[in-house]
Amino acid sequence: MAEPDDHRGLHDDDAMRTRLSDLSRDLSRNAPKKPDLSSGSGPSANGMGQAISLGVRVTSEFAAAVVVGAVIGWQIDRWVGSSPAALIAFVAIGTAAGFWNVYRVATKTGGK
């Protein structure tokens with residue numbers, strides 16, 4: 001009686017292997033394609049580096065314009081003796097200049 005059970009076990013193993021191979025084939029056929037980074041069509045590390053560089057440049061130009069406006073306004077207030085009037089005016093001018101710099105950089109890089 002042991003022989004029929006062993007024979008059925010071998011048959012089940014063959015069926016499982018066939019089924020496993022069919023499933024593996026179907027999975028590999030339906031798997032999403034990985035981007036080919038060597039062709040330049042997918043995302044690249046250089047593109048990410050350029051984006052970070054542009055972000056740092058825009059941020060530093062905006063902050064520098066506001067800080068320079070604040071320093072000029074503060075210095076004029078010290079010379080003239082007007083309390084915060086020049087400081088407020090030149091911080092506003094510096095902020096406008098900072099936005100202008102951001103706009104200039106964005107339109108230059110966007111149009112390439």
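In this predicted model, Asp26 and Arg29 are joined by a salt bridge whose closest N and O atoms lie 3.3 Å apart, the term meaning a side-chain nitrogen of Lys or Arg within 4 Å of a carboxyl oxygen of Asp or Glu. Both residues belong to helix α1, where their spacing of three residues corresponds to about one helical turn; helices here are DSSP runs of H or I with at least four residues, strands are runs of E with at least two, and both are numbered from the N terminus. Asp26 is partly exposed at 32% relative accessibility, whereas Arg29 is exposed at 55%, where buried means under 20% relative accessible area, exposed means over 50%, and partly exposed covers the range in between (1.4 Å probe, protein chains only).

Because the model is predicted, local features need pLDDT of at least 70 and side-chain atom pairs count only at pLDDT 80 or more, while totals for chains, interfaces and linings use all residues. Residues are numbered from 1 along each chain as its sequence is written, and side-chain values use heavy atoms, with hydrogens and water left out.

Helix α1, which spans residues 2–30, also holds Arg17 and Asp14, three residues apart and thus separated by about one helical turn. Their side chains meet in a salt bridge at 3.9 Å, N to O; Arg17 is exposed, with a relative accessible area of 58%, and Asp14 is partly exposed, with 46%. In total, the structure holds five salt bridges.

Another of these links Glu61 with Arg104, the closest N and O atoms being 3.5 Å apart. Glu61 lies in helix α2 (residues 45–80) and Arg104 in helix α3, so this pair ties together parts that are 43 residues apart in sequence. Through salt bridges that share partners, Arg57, Glu61 and Arg104 are joined into one network, and Arg104 itself is partly exposed, at 36% relative accessibility.

Asn101, also found in helix α3, is buried, with a relative accessible area of 18%. Its side chain makes a polar contact of 3.2 Å with the side chain of Arg104; a polar contact is a pair of N or O atoms within 3.5 Å, where, within protein, one atom must be able to donate a hydrogen and the other to accept it, and residues adjacent in sequence count only if both atoms are side-chain atoms. Leaving aside residues up to four places away in sequence, Asn101 touches Glu61 and Ala65, contact meaning heavy atoms within 4.5 Å.

Aromatic rings of Phe, Tyr and Trp (its six-membered ring) pair if their centres lie within 6.5 Å, with planes under 30 degrees apart counted as stacked, over 60 as edge-to-face and the rest as tilted. By this rule there are two aromatic pairs. The rings of Trp100 and Tyr103 have centres 5.6 Å apart and planes at 35°, so the pair is tilted. Both residues lie in helix α3 (residues 85–111), three residues apart, about one turn of the helix, and Trp100 is exposed, with a relative accessible area of 53%.

For the protein as a whole, there are three helices and zero strands, and buried residues make up 9% of the 112 residues. Among contacts between residues at least 6 apart in sequence, 52% join residues at least 24 apart.
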